[in-house]
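Have the structure open as you read.

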Amino acid sequence: MSDQLTGPVEQGEVTGPQQLVPRQITAAPRATRLWRDRAAQVVRSDSPPTVALGTRTGGDESVTQRQARSVIDLALRVGEAMLSTGASAADVVATVLRLFHSYGVTSSHVDITFTSISISIHRGMDEDPLSVMRVIPGRSLDYTRLEAVLRLVDEVVGAAQRGTGSLDVETARERLAALVTAPHPYRRWVVTFGSALMGMGIVMLFGAGPGMWALAALSALVVDRVQRLLYRAGVAAFFAQVVSAAVPAIVALGLFRAQQQGWDVPGVERPSLVVISGIVILLAGLGLMGATQDALDGYYVTAGARGLEVVLMTLGIGVGVALVMGVAKWMGTSMEVNDATVLGGSLLLNLIGALLIAIGFCLTTYAGLRTTVLAALIGGLGWVIFEGGLQLGLGSPASAAAAAVPVGALAHAAYSRLRVPEQAVAAASIVALLPGLAVYRAINLILENNPALVGMAVLQFVTAVSIGLGLAAGLSIGGFLARRRFGLDLASQRARRRAQGSTL
């Protein structure tokens, strides 16, 4: 037995299992841990999250209750004034945050909808927070008051940055109240004259003669007065839009009827231009650019409400024109657009028309002198670029987008350097590019009640929408490029952070 246990081991025999098995058991876990650690180093991130959620724990403990109430009341009034006069949601948020920072309040939150603005201040764990909401009573483009409010905020912020102390809250509130209740810079008849300039400039873009200039201006005067009367009477905005759109269509119907009866109206070649000018004038006041800008900045609730308003008011224009064209069809009078009705004429005449449109829009929105001059110059440049795009064969939507890019960039540059309202300059500069002709043609084709023309009507509507989206996208791209060049303050960066989308 002893010899068998201690004898030599033959090759291939398994001996000493009590010695070999423990080595395999300890080696395997080591290799597994090694590969697992290496895989973890490849996959697992060691950097902090891109967006840290719920980490803001500080507050404005040093801000007294009275100071917080005073500042939040002033900020609400500033935000209300800006929203009521046509500012975009991102601009309102940025301005309100700048105002808070100048008074030493850093833990403020601003939320905006189409009809209200809410502001809250977190004052730490030992003090009650403050949250106040203010309803926006109405909205009307008034760029003089908007510019005055921006100047007041700039004065408050500038004093804080210079270390001389911010303007007293009570004094700032009194000055703000004086600004928003001050009379307009010019009388109401000047606004009506601005509408006439717009109508005149629009028909000039189509190569019309002086007779059509006067007729389009007269039609715009009537539309402005009718809108004023309907507003005072408390008529709903949609029905006011229907009646306003019907006015130039009725004028054109009279001209078409006169031509059908063989009566020659001196200087009137294409009566449909009167309707087109009316459509563009009504489209200019709808705030399409503001709705699109809110959407691109990430304020989707406000953008959705503004967009619905634009759609509804545009539908009102279509209904008003369609009613009159239906009456014309019943009378046996054709209001079809002449095939010669295209953008044309000399470059000089078109440039003058674009300048008149920009100036007229500024007058109708009570814009200041600096804003009016800048809008006219930038609008003229945008029109030259638009015509250049057409000559290159880019098509109307692409040409409009190409023209809107420098307009958006220059509008933001004007705001950064001269503190004039960016939206005022941008909106006035692109009114001449609005798709009034495409909208009119689409309505006319639909009323023909011919299934073979449905495709052409849809194409005209798509063209109109494409031009509008091209203008909005071009302004946004131009503004983005200008912001990269001139930079944004901290408040503006916070206000536009929603537009960055989901972060990975």
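Before looking at the first helix pair, one bit of bookkeeping: an axis here is a line fitted to C-alpha atoms, for helices over the stretch in contact, and angles run from 0 to 180 degrees between N-to-C directions. Also keep in mind that this is a predicted model.

With that in hand, take helix H7 (residues 188–204) and helix H10 (residues 272–284): their axes come within 9 Å and cross at roughly 125 degrees. Angles over 145 degrees would count as roughly antiparallel and 65 to 115 as roughly perpendicular, so H7 and H10 are oblique to each other. Their crossing is right-handed.

Which residues do the touching? On the H7 side you'll find Ser195, Met198, Gly199, Ile202 and Val203, and they meet Leu273, Ser277, Val280, Ile281 and Ala284 of H10. Sorted by class, that contact has seven nonpolar residues, three polar ones and no charged ones.

## A pair running roughly antiparallel

Now for helix H3 (residues 65–84) and helix H4 (residues 89–102). Their axes come within 10 Å, with a crossing angle of roughly 155 degrees. Since angles over 145 count as roughly antiparallel, that's the label H3 and H4 get. This crossing is right-handed too.

H3 brings Val71, Ile72, Leu74, Ala75, Val78, Gly79, Met82 and Leu83 to the contact, while H4 answers with Asp91, Val92, Thr95, Val96, Leu99 and Phe100. By class, the H3 contact with H4 has 11 nonpolar, two polar and one charged residues.

What does Val63 touch, leaving aside its neighbours within four places in sequence? The contacts are Ala68, Gly104, Val105 and Arg123. The C-alpha atoms of Val63 and Glu127 are separated by 9.8 Å, although the two residues are 64 apart along the chain.

## The nonpolar cores

The largest nonpolar core has 125 residues, and the members touching the most others are Phe100, Tyr103, Ile117, Ile119, Met335 and Leu471. Helix H9 (residues 237–260) supplies the largest share of this core, with 11 residues.

Key. Residues are numbered from 1 along each chain as its sequence is written. This is a predicted model: local features need pLDDT of at least 70, side-chain atom pairs count only at pLDDT 80 or more; totals for chains, interfaces and linings use all residues. Side-chain values use heavy atoms; hydrogens and water are left out. A nonpolar core is a set of buried Ala, Val, Leu, Ile, Met, Phe, Trp, Tyr and Cys residues joined through side-chain atoms within 4.5 Å. Buried means under 20% relative accessible area, exposed over 50%, partly exposed in between (1.4 Å probe, protein chains only). Helices (H or I, at least four residues) and strands (E, at least two) are DSSP runs, numbered from the N terminus. Angles under 35 degrees count as roughly parallel, over 145 as roughly antiparallel, 65 to 115 as roughly perpendicular and the rest as oblique. A crossing is left-handed if the near helix is turned anticlockwise from the far one by less than a right angle, and right-handed if clockwise. Contact means heavy atoms within 4.5 Å. Ala, Val, Leu, Ile, Met, Phe, Trp, Tyr, Cys and Pro count as nonpolar, Asp, Glu, Lys and Arg as charged, and the others, Gly among them, as polar.
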